Amino acid sequence: MRVSVIGGSSIDEQTAAVAEALGERLAERGHVVVCGGLGGVMEAVCRGARAADGETIGVLPTDDRRDANPHVTVPIATGMGHARNALVVMNGDATIAVDGAGGTLSEIGLALAQGRPVAGLDTHDVDGVEAVDSPAAAVEYVERAARMD
């Protein structure tokens with residue numbers, strides 16, 4: 001399945017390690033990563049997925065595919081700014097949020113409004129988000145929840 005991974009664009013090394021492990025786990029399980037295509041959690045999750053030969057889709061806020069981080073295999077330029085957040089979550093069967101600020105919060109809301117299951121790793125405490133404590137638990141939750149939908 002496709003899994004949208006959302007999160008902070010400016011993160012510390014610990015959060016980057018979590019996101020990278022998440023991307024690797026998703027790819028090992030055969031899932032495609034969908035993200036916003038830029039830095040922070042987006043770059044780390046793509047780096048992890050690519051390390052496991054996974055596919056990564058970056059839905060960019062800009063109008064130039066070259067703005068994608070180097071680990072995105074399919075860059076999609078939108079020129080939509082933050083409005084592209086709806087496209088990021090719409091193109092996943094489930095969503096995993098890692099860390100994040102206002103943009104991540106908007107994506108969580110959009111994912112829930114679209115009926116997507118959402119797992120959260122150290123992110124906003126929002127009704128409907130399943131708080132998990134590891135990348136493995138996040139992947140297990142979205143696999144289980146997406147099958148139920």
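1. Which residues have the most contacts inside the largest nonpolar core? In this predicted model, they are Val-5, Leu-22, Leu-26 and Ile-96, in a core of 29 residues. Two or more residues of this core come from each of strand E1 (2-7), helix H1 (13-28), strand E2 (32-35), helix H2 (41-51), strand E5 (94-98), strand E6 (118-121) and helix H5 (135-148). H2 gives the largest share, 6 residues.

2. Leu-22 deserves a look of its own. Leaving aside residues up to four places away in sequence, Leu-22 touches Val-5, Val-45, Ile-96, Val-98, Leu-121, Pro-135, Ala-138 and Val-139.

3. On H2, the buried residues are Val-41, Met-42, Ala-44, Val-45, Cys-46, Gly-48 and Ala-49. An α-helix has 3.6 residues a turn, so residues three or four places apart point the same way. The cover over the buried residues of H2 includes E1, H1, E2, strand E3 (56-60) and E5. Just after H2, Asp-53 has a positive phi of about 60 degrees.

4. The largest pocket holds about 250 Å³ of space. Its lining has 20 residues, of which Gly-7, Ser-9, Met-42, Gly-103 and Thr-104 are the closest to the pocket centre. Met-42 is also one of the buried residues of H2.

5. E1, helix H3 (85-90) and helix H4 (102-113) each give two or more residues to the lining of the largest pocket. H4 gives the most, with 4 residues. By class, this lining has 10 polar, 7 nonpolar and 3 charged residues.

Terms used
Residues are numbered from 1 along each chain as its sequence is written. This is a predicted model: local features need pLDDT of at least 70, side-chain atom pairs count only at pLDDT 80 or more; totals for chains, interfaces and linings use all residues. Side-chain values use heavy atoms; hydrogens and water are left out. A nonpolar core is a set of buried Ala, Val, Leu, Ile, Met, Phe, Trp, Tyr and Cys residues joined through side-chain atoms within 4.5 Å. Buried means under 20% relative accessible area, exposed over 50%, partly exposed in between (1.4 Å probe, protein chains only). Contact means heavy atoms within 4.5 Å. On a 1 Å grid over the protein atoms alone, a cavity is a set of points where a 1.4 Å probe fits but cannot get out, and a pocket is an open set with protein on both sides within 12 Å along at least five of seven lines; lining residues have an atom within 4 Å of a point. Grid points are joined across faces, edges and corners, and a volume is the space filled by probe spheres set on the points. Ala, Val, Leu, Ile, Met, Phe, Trp, Tyr, Cys and Pro count as nonpolar, Asp, Glu, Lys and Arg as charged, and the others, Gly among them, as polar.
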